[in-house]
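Here is my note for your first pass through this model. Keep the viewer open and follow the points in order.

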Amino acid sequence: MKKIVCLGLIALLLSAQSFTVFAAEEEILATERPIEEAETSEASEAETSEAESTEETAEEESSVEKKEESEDVSGDETGTTGAVEIDPRPYLALGADLTPEQLATVLDAMGILGEDLSNYNVVHITNQMEHEYLDGYIESSVIGTRSLSSVMVKQKPAGSGLMVTTKNITYCTINMYRNALITSGVQDAEIIIVGPSPISGTAALIGAMKAYENMAGETLSEEAQDTAMEELVVLGRLRESFGEATEVEEFMEYVKAEIVAAGIDDPEKIREIVEKAAEEYDITLTEEQLEMIVSLMEKIGKLDIDPKKLLEQAGDLYEKYGETILKDAKAKLDEVLTDEVKASIWTAIGNFFKGLWDTILGWFTK
């Protein structure tokens, strides 16, 4: 706007100057013809310069507008630029081996049967991909030879958390998926996991991670994805051993919260935490199960997950541990972290546990 006003003033001044010169030329037409020609030439040059300047300014403004539009589009595609509009199109990760009838069942369960899939961002998960991720954790015969589980992922505003629903999934629970997805780096999304018929759903985690990568425009680290798959498998095996009681899931969430909050990746310290938690939850672990959990938690500890992510993405799971987790984690932070880092972490956690804030401040002032 300032540029436009300035150009307008310049144009007015040039016009006034041209008018004055023209009047003077009329009065001394006979005697000052050379001057007239010179003044006319100068005015013409000034007008030409003004026109060129105006065109350059318009081009610059147009370039800026195009650049801003380009940046806005880029932000929408990646989801990583500040305040941008969320891409309303859901992302679908479909099992590559679904028959037309099975695909119709899956889409119906997702509530999009009959819709044009060109309105969705679609990727296909192959059985080969499932084996690449899972062969190290479960038998190939369990994985099977067909990729059937499918996932729909919708981006949600920052801070919304991770919401998961399942249909026709018999083995993996919603909380199993949520914990594994948080470990992988997935956040602020609504995820629907569907099977064409009752299936275990273990391989669906792959589809969820791949769909999220496409939606967010970023690549989840291989270490995080691998650890997430292991977490899903380990918890599944524990549930098989101890039954479907929720205490097993809570036990693992408790241990994970301790490890993440304190930033521990030392296997001996992790073992102590697991053994203590097992006593509190009255769970008797075999040596094999203990080693399996310690190995998993060691990997989780090395991922350096921000503690506040557990609270932001699954607060309903982790706030239940309240003061116990915070006190234990605070004691461990005293051993390994600087005061500046501790203050940063505990400020984030304290903001979530508003009722515990005064207590937390008391810990740091004693």
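1. Start with Asn168, which sits in strand S4, residues 162–169. Keep in mind that the model is predicted. The phi angle of Asn168 is near 65 degrees. That is a positive value in a residue other than glycine. Most residues other than glycine have a negative phi. So check this spot by eye, against that general rule.

2. Is Asn168 buried, exposed or partly exposed? Its relative accessible area is 33%. Buried needs a value under 20% and exposed a value over 50%, so a value in between is called partly exposed. Asn168 therefore counts as partly exposed.

3. Now go to Asp304. Its phi is also positive, at about 55 degrees, and Asp304 is not a glycine. Where does Asp304 lie? Look in the loop between helix H11 (287–302) and helix H12 (307–318). Asp304 has a relative accessibility of 67%. Exposed means over 50%, so Asp304 counts as exposed.

4. Step back into helix H11 and find Met297. Its relative accessibility is 1%. The cut-off for buried is under 20%, so Met297 counts as buried.

5. Which residues does Met297 touch, leaving out those up to four places away in sequence? The list is Met252, Val255, Lys256, Ile259, Ile264 and Ile270. Select them together with Met297 and look at the contacts.

6. Asp265 is 32 residues away from Met297 along the chain. Yet the C-alpha atoms of Met297 and Asp265 are separated by 7.4 Å.

7. Asp265 belongs to a patch of negative charge on the surface. Which residues gather there? They are Asp265, Asp266, Glu268 and Glu272. Colour the model by charge to see the patch.

8. Take Glu272 from that patch. Glu272 lies in helix H10, which covers residues 267–280. Its relative accessible area is 54%. The limit for exposed is over 50%, so Glu272 counts as exposed.

9. Finish with the whole chain. How many helices and strands does the chain have? There are 15 helices and 5 strands. The chain has 366 residues, and 42% of them count as buried. The accessible surface comes to about 19,400 Å². Carbon and sulfur atoms account for 51% of that surface.

Methods
Residues are numbered from 1 along each chain as its sequence is written. This is a predicted model: local features need pLDDT of at least 70, side-chain atom pairs count only at pLDDT 80 or more; totals for chains, interfaces and linings use all residues. Side-chain values use heavy atoms; hydrogens and water are left out. Patches are made of residues with over 30% relative accessible area and no salt bridge: like charges are joined within 9 Å, nonpolar side chains (Val, Leu, Ile, Met, Phe, Trp, Tyr) within 5 Å. Accessible areas come from the Shrake-Rupley method with a 1.4 Å probe; for residues, only the protein chains shown count as cover. A salt bridge is a side-chain nitrogen of Lys or Arg within 4 Å of a carboxyl oxygen of Asp or Glu. Lys and Arg count as positive and Asp and Glu as negative; His and the chain ends are not counted. The place of a charge is taken as NZ of Lys, CZ of Arg, CG of Asp or CD of Glu. Helices (H or I, at least four residues) and strands (E, at least two) are DSSP runs, numbered from the N terminus. Buried means under 20% relative accessible area, exposed over 50%, partly exposed in between (1.4 Å probe, protein chains only). Contact means heavy atoms within 4.5 Å.
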